[in-house]
Amino acid sequence: MTSAAEQMAANMSWSAFGKATELRQRILFALILLIVYRIGTYIPVPGIDNLALKQFFEEAGQGIGGILNMFTGGAISRMGIFALGIMPYISASIIVQLMTAMVPQLAQLKKEGQQGQKKINQYTRYGTVFLATIQAWGIAVGLEGASGVVIDPGLFFKISAVITLVGGTIFLMWLGEQITSRGLGNGISLLIFAGIIAELPAALFG
């Protein structure tokens, strides 16, 4: 008795895949957005001395910092515009889900179907911006505390770093939603997976 997976594998062929135009378009669309994500991890936050940053992470990039860096596809060690990654969105999603079970108004929204889910998603986005802003401010302050990493410390650097990092997270959130709706699979999961795979060889070597 063959399993469902074996039956599906037996029925698939390259010729059938070649005829699946929509599937190929979805895969291509997802790959293009993942490439955009990878390019963004190499675009640095303004006002950072890259050499000093590299030295700083060589000294302090082990442990939990190294793990977080892997989840963001190396964006933290390069202090790219996607340094926060998609983690604020995941945290906000978890918080909103927990609150849905405790707050009657949110529980009622969940029962309203698609319209209620849109409202919950909107609250999740607000929560993402709030969490990302707090984390971005903490990163900006931390970078200023690291000797020589910030070229011109001050309020202007903090504000520009917060805007850049929060904007990067919002853009990643949008990318994930686009991959989910027009690409292939769960966009947020694919972004996390792409980041891990990109940094896995260096992490294993380290």
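**Close-up 1. Arg 125, partly exposed with a relative accessible area of 32%, in its pairing with Glu 177.** This view, like those that follow, is taken from a predicted model. Arg 125 and Glu 177 form a salt bridge in which the closest N and O atoms are 3.0 Å apart. The pair links distant parts of the chain, with Arg 125 in helix H9 (residues 114-145) and Glu 177 in helix H10 (residues 155-182), 52 residues apart. Glu 177 is partly exposed, its relative accessible area being 26%.

**Close-up 2. The salt bridge between Lys 158 and Glu 144.** The two side chains meet at an N to O distance of 2.7 Å. Lys 158 belongs to helix H10 and Glu 144 to helix H9, so the pair ties together parts that are 14 residues apart in sequence. Lys 158 is buried, with a relative accessible area of 16%, whereas Glu 144 is partly exposed at 22% relative accessibility.

**Close-up 3. The salt bridge of Arg 26 with Glu 22.** The closest N and O atoms of this pair are 3.5 Å apart. Both residues lie in helix H3 (residues 21-40), separated by four residues, about one turn of the helix. Arg 26 counts as partly exposed at 27% relative accessibility, and Glu 22 as exposed at 54%. A search of the whole structure finds three salt bridges.

**Close-up 4. Gly 195 within helix H11 (residues 187-205).** Gly 195 counts as buried because its relative accessibility is 0%.

How values were computed:
Residues numbered from 1 in each chain as written. Predicted model: local features only at pLDDT ≥ 70, side-chain atom pairs only at ≥ 80, totals over all residues. Heavy atoms only, no water. Helix = DSSP H or I, 4+ residues; strand = E, 2+ residues; numbered from the N terminus. Buried < 20%, exposed > 50% of the residue type's maximum accessible area, 1.4 Å probe, protein only. Salt bridge = Lys/Arg side-chain N within 4 Å of Asp/Glu carboxyl O.
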